[in-house]
Amino acid sequence: MPEQLTPSPARGLHIITWGCQMNVYDSARMADVLRPLGYSPVDSPDHADMIILNTCHIRERAAEKVFSELGRLRQIREARKLEGKQTLIAVAGCVAQAEGKELLARAPYVDLVLGPQTYHRLPEMVARIARAGGSVIDTDFPVESKFDLLPEDAAPQNEGNLTAFLTIQEGCDKFCSFCVVPYTRGAETSRPVASILAEAERLVASGVKEITLLGQNVNAFHGEWQDGIASLPELASLLHERIPALKRLRYVTSHPRDMEQALINAHRDNPIFMPYLHLPVQSGSDKVLKAMNRSHTADEYRDIIRKLRAARPDIALTSDFIVGHPGETDEDFEATMQLVRDVRFASAYSFKYSQRPGTPAAGQPFQVAEDVKEKRLAALQALLREQQDAFNASLIGTVQDILVTGIGRKPGQLNGRSPYLQPVHFEGDPALIGQIVKVHITTPFTNSLGGHLSKQEGTTI
């Protein structure tokens with residue numbers, strides 16, 4: 001039985017989150033498991049009895065960013081100590097998993113170091129420190145699933161929010177040569193469907209209208225359900241059938257290898273699926289894709305896109321690209337540019353390759369010079385920006401269903417979210433917040449759209 005502390009209403013908790021949407025979800029669940037100990041969120045680390053850095057290891061110099069922030073937090077901790085206040089400092093997430101021992105060696109004032117698979121043990125870790133002092137490090141990959149041990153009846157942390165993340169799958173078995181996820185998040189695992197449905201019901205009961213399902217390879221989902229296994233399209237059908245107040249559904253991030261026909265058909269047949277898909281390709285060169293261990297070719301990716309657009313002609317596609325992977329030539333980069341021209345994306349994320357310690361690509365020969373990577377990235381981003389602008393412009397004159405999410409910056413202005421995940425600004429009554437309204441799109445901005453309420457009748461609650 002895990003040790004427990006006596007609850008106290010006076011404990012402040014401040015979580016600083018870096019990285020992906022799954023880290024955002026994980027931070028919320030860490031707040032869930034600490035709530036029985038009396039911790040509640042505060043806006044500033046200066047007023048926190050416990051500070052958690054939830055870290056990401058994807059970007060270059062991620063660990064140095066953590067140490068820099070820890071130096072600042074140490075000053076806050078020492079200032080609070082002079083006032084007779086205790087402050088626990090914890091480092092969680094992928095940097096903690098990958099570099100836990102070095103973290104404690106360089107920052108011995110850190111109290112807790114925990115990996116992404118062990119945050120359900122936070123109450124026990126806090127209890128151990130309260131009893132014996134010192135530091136606690138827990139970066140194991142436990143046999144039990146953390147999802148089986150998280151509180152199922154926790155009050156939603158996103159009261160008042162209309163959109164929410166929900167993790168359904170975690171880990172990766174793909175072992176792309178540039179990626180640390182298999183080493184920091186472990187093997188692919190999927191949550192049981194009953195647990196997902198229960199959490200989705202609680203979110204919707206709290207006011208959520210749109211859920212984004214999360215996973216490192218979310219379309220590889222295969223969760224236990226009754227006497228068998230449910231796939232992602234089957235899960236989406238259950239969410240639609242059992243939770244009628246859930247109006248919109250998205251999922252991220254997907255792998256082309258797991259984009260099966262049943263899921264493609266679900267984009268046509270399931271009305272809560274938004275016409276939007278993020279499907280990373282990384283490169284348009286078969287040689288580079290093989291070096292990346294991506295398990296698909298550029299033409300196989302093109303074929304998936306053709307099938308998606310046949311099933312859902314209005315679908316918007318986004319992707320990820322890495323330029324300058326070891327061995328990438330000018331011809332390889334041009335193949336990427338050609339794939340972008342062929343597919344035409346609504347938006348995309350693009351990055352220079354950076355060496356991640358412990359990944360196969362970090363030790364490969366023929367590393368691409370930094371100035372070459374920068375030149376290629378600039379060219380790719382210019383093309384992607386051109387396509388994003390063209391997609392936004394294509395919506396001028398259309399009427400879109402917009403989920404009204406809040407008040408805008410200008411007087412009388414409302415903010416909303418389009419089916420294509422774009423922010424949309426228009427004038428309207430604040431009473432519309434929480435509804436889905438029809439907006440006539442009139443103005444494309446760089447990263448958003450402007451419009452006005454359509455004269456077409458009807459809103460959807």
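1. Contact, as the word is used in this note, means heavy atoms within 4.5 Å. The model is predicted, so local features need pLDDT of at least 70 and side-chain atom pairs count only at pLDDT 80 or more, whereas totals for chains, interfaces and linings use all residues. Residues are numbered from 1 along each chain as its sequence is written, and side-chain values use heavy atoms, with hydrogens and water left out. Helices (H or I, at least four residues) and strands (E, at least two) are DSSP runs, numbered from the N terminus.

2. In the contact of two helices, Val193, Ile196, Leu197 and Ala200 of α7 meet Leu235, Leu238, Leu239 and Arg242 of α8. The residues of this contact divide into seven nonpolar, no polar and one charged, where Ala, Val, Leu, Ile, Met, Phe, Trp, Tyr, Cys and Pro count as nonpolar, Asp, Glu, Lys and Arg as charged, and the others, Gly among them, as polar.

3. As for the geometry of this pair, α7 (residues 193–205) and α8 (residues 232–242) pack at an angle of about 40°, and their axes are 11 Å apart. That angle makes α7 oblique to α8, since angles under 35 degrees count as roughly parallel, over 145 as roughly antiparallel, 65 to 115 as roughly perpendicular and the rest as oblique. Axes here are lines fitted to C-alpha atoms, for helices over the stretch in contact, and angles run from 0 to 180 degrees between N-to-C directions.

4. Helix α4 (residues 122–132) has Leu122, Pro123, Met125, Val126, Ala127 and Ile129 buried, that is, under 20% relative accessible area, with exposed meaning over 50% and partly exposed in between (1.4 Å probe, protein chains only). The cover over these buried residues includes α1 (21–34), β3 (50–55) and β4 (88–93). After α4 comes Gly133, which has a positive phi, near 75°.

5. Three strands form an open sheet in the order β14-β15-β16, with parallel pairing; two strands pair if DSSP finds at least two bridges between them. β14 (276–278) and β16 (347–352) stand at the edges with a single partner strand each, so one side of each is left without a neighbour in the sheet. Between β14 and β15 (residues 316–323) there are three bridges in the parallel sense, and His278 stands opposite Thr318 in β15. Helix α13 (residues 370–394) lies across β15 and β16 and runs at about 175° to β16.

6. Cys20, in the loop between β1 (11–17) and α1, counts as partly exposed at 33% relative accessibility. Cys20 and Thr253 are 233 residues apart in sequence and 10.0 Å apart in space, C-alpha to C-alpha.
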